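Subject: Structure for your files

Hello,

Here is the structure we spoke about handing over. My notes on it follow.

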Amino acid sequence: MSAYYAIIATRFRALLQYRAAAAAGFATQLFWGLVRVMVVTAFYQSSTAHQPMSLSQSITYIWLGQAMLAMLPWNVDREIAAMVRSGDVVYELLRPRDLYAVWFSRILALRTAPTLLRAVPMFVIALLLGMEPPKTAASAIAYVVSVMAAVLLSAAITAMVSISLLWTISGDGVLRIMGALVMLFSGLLVPLPLFPSWAQTALDWLPFRGIADIPYRLYMGHIPASDLHWALVSQLGWTAVFVLIGRLMLWRGTRRLVVQGG
Amino acid sequence: MPQIVVENLTKTFAVSERTSGTWGSVRGLVHRKRRMVHALDGISFSLEPGELVGYIGPNGAGKSTTVKVLSGILVPTSGRCDVCGLIPWKNRIAHVRGIGVVFGQRTQLWWDLPVVESFDLLRDIYSVPDSQYEATRDELIALLDLNPLLDTPVRQLSLGQRMRCDLAAALLHSPSIVFLDEPTIGLDAVSKLAVRSFVKRINRERGVTVILTTHDMDDIEALCSRVIVLGDGHILSDGTLDELRSSVTTERRLIVDLEKGDRHLFCAQEKRCLSPFSVSGVEVVRSDGTRVELRFDPDVISAADLIAQVTAKYAVKDLFVENTPIEEVIAKLYAEHRP
């Protein structure tokens, strides 16, 4: 078995064990989903202006976000954080492997296993609560492909934040800022199409659309499946940028490494 | 040809300091004092394949820093270092394939996984061929008696059990050099003996080069033919245990067990003794019940002479001669070189 595949598989299996966390996360996300649906319904009912998305599209968008929340780069791999803090990171440097790839593999598992545990039941419940299924098979396929790219992008951002722990050690501040940026600019707070039109250009130039907004709109057909290649260019382009930044930071970080605790 | 060559290695850390207390924390936001710490200050030595070297020194002497530089984790400030023809921090990935490292205060096993799954993961990470992996693993399991532990998650192991598993983990890829950084720290007597006999065997039978850092001088006496003593970033001494001992002190000890009635005769202060013992070159180190410990310089008085004089004067039940305990030798060496 290839080393990186073995790391992903082992970590994936370990993360699937956290069933209580998954149940709690599922309940919280269900609750917030209902609240957000109520807010957006009230908003649609109180306005007669033409909206860029229909109400049912907005509701679908919200449920997709609730289902895929664990996939967003809002936390770091706790084991990496603990290793950096205690100095056990020395053992990671003793492996004959590219450290960035090792950490990226761990993070891929972190971004997929908990998501899988929460998303499957959430999809079932949400479909009963008014989320629409994809209109065409092409949209469904485009969504799946784009979600995979979103996982890579999200993992690359998570990796960059994790590597910044080599400087900040605790990382609380970076994580808070990251969490706020991600929630706002990926569409988790308010669906991005509902932002004013002057904000759209700015949002297009930010990396966060690719982790949530783009796949959700492909699902609804709000972005036609035939535009999938443009979505992928944006998502994978940003992934490459974050991988490069992460690698550069890791290269610098390991050169100025101070190992904690002797 | 030497396997490891270290020349003039230095490593300097910048440590930021802040004054204590609330005001210190506030000031630390804008102004931080930086202090340079010379962890290694010109270290040179070389090792032949198959050597088993003790690398000792007081806390903060630079032992772990040396191990981390040699294993490619830290980049030194200056100096040359060559391990099997590679520069550890430049050819890190190629270099770490051939070495195994155990840090006694850390574990390289995955905390939540059963031991055997950690081993399997290491096989994949080091790409050890299956047949070779199974042979090595089974041999290590037998040597370290790991069979009952294999299915236990690492977090449930005792320290001694975990250390045995960690030793196996460091050797699964059959490295030719092993760095053991305080492998016996915190272990009970039985686990210590198990670790020692294992280290001895892999060194003798597989010809693995071992660099052992420890504070336990029994580890050193039991295992190491050569000892490098480090103090404050410098090498204080490098040679066999006997050379080390004789360079610091030539003194030996005579331990005498007296018959009951004679103990008051024997002490250093003349006033309290009925017949004080005073021979030139001999000093009473301690007198504890009927046991008396004498320190003597064999250049001034031979052991045979001293024993003759003691037995002539006192009723002796038993006696034996020994070297100055290595702990005291080392403590003396450290004290002489204290900055």
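Predicted model: local features only at pLDDT ≥ 70, side-chain atom pairs only at ≥ 80, totals over all residues.

A residue is taken as buried if 20 or more other C-beta atoms lie within 10 Å of its own, as exposed if there are 12 or fewer, and as partly exposed in between. By that rule A:L116, with 14 other C-beta atoms within 10 Å, is partly exposed. A:L116 sits in helix α6 of chain A.

On the α3(A) side the contact involves A:W63, A:Q66 and A:A67, and on the α6(A) side A:R118, A:A119, A:M122, A:F123 and A:A126. By type, the residues of this contact are 6 nonpolar, 1 polar and 1 charged.

**Chain A: two helices checked for length**

Helix α2 (residues 19-45) of chain A has 27 residues, which at 1.5 Å a residue should span 39 Å; the C-alpha atoms at its ends are 39 Å apart, in agreement. The buried residues in α2(A) are A:A22, A:F26, A:Q29, A:G33, A:R36 and A:V37. These buried residues pack against α3 and α6 of chain A. As background to such a pattern, an α-helix has 3.6 residues a turn, so residues three or four places apart point the same way.

Helix α11 (residues 228-255) of chain A was treated likewise. Its 28 residues should span 40 Å at 1.5 Å a residue, and its end C-alpha atoms are 40 Å apart, which agrees. Buried in α11(A) are A:L228, A:A231, A:Q235, A:W238, A:T239, A:F242, A:V243, A:G246 and A:T254. The buried residues of α11(A) pack against α5, α6, α7 (137-168) and α10 (213-220) of chain A.

**Where the chains touch**

Chain A gives 18 residues to the contact and chain B gives 22. On the side of chain A that touches chain B, the elements that give two or more residues are α1 (3-15) and α5 (89-93) of chain A. The largest share of that side, 4 residues, comes from α1(A). The residues on the chain A side divide into 12 nonpolar, 2 polar and 4 charged.

**Chain B: overall**

Chain B has 11 helices and 13 strands. Taken along the principal axes, the C-alpha atoms of chain B fill a box of roughly 75 × 55 × 50 Å. Of its 339 residues, 36% count as buried. Among the contacts in chain B with a separation of 6 or more, 71% are accounted for by residues 24 or more positions apart.

**Chain B: helix packing**

Helix α6 (residues 159-171) of chain B packs with helix α7 (residues 189-206) of chain B, with the axes 9 Å apart and at an angle of about 15 degrees. That makes α6(B) roughly parallel to α7(B), and the crossing of these two helices is right-handed. From α6(B) the contact takes B:G160, B:M163, B:R164, B:L167 and B:L171, and from α7(B) it takes B:S191, B:A194, B:V195, B:F198 and B:I202. The residues of this contact divide into 7 nonpolar, 2 polar and 1 charged.

**Chain B: two residues with positive phi**

B:D145 is not a glycine but has a positive phi of about 55 degrees. B:D145 lies in the loop between α5 (130-144) and α6 of chain B. With 12 C-beta neighbours inside 10 Å, B:D145 counts as exposed.

B:E182, also not a glycine, has a positive phi of about 50 degrees. B:E182 is placed in the loop between β6 (177-181) and α7 of chain B. With 21 other C-beta atoms within 10 Å, B:E182 is buried.

Regards

Terms used: Residues numbered from 1 in each chain as written. Chains lettered and ligands numbered in written order. Contact = placed C-beta atoms within 7 Å. Nonpolar A, V, L, I, M, F, W, Y, C, P; charged D, E, K, R; others polar. Expected span 1.5 Å × (residues − 1). Axes fitted to C-alpha atoms, helices over the stretch in contact; angles between N-to-C directions. Parallel < 35°, antiparallel > 145°, perpendicular 65-115°, else oblique. Left-handed = near helix turned anticlockwise from the far one by under 90°.
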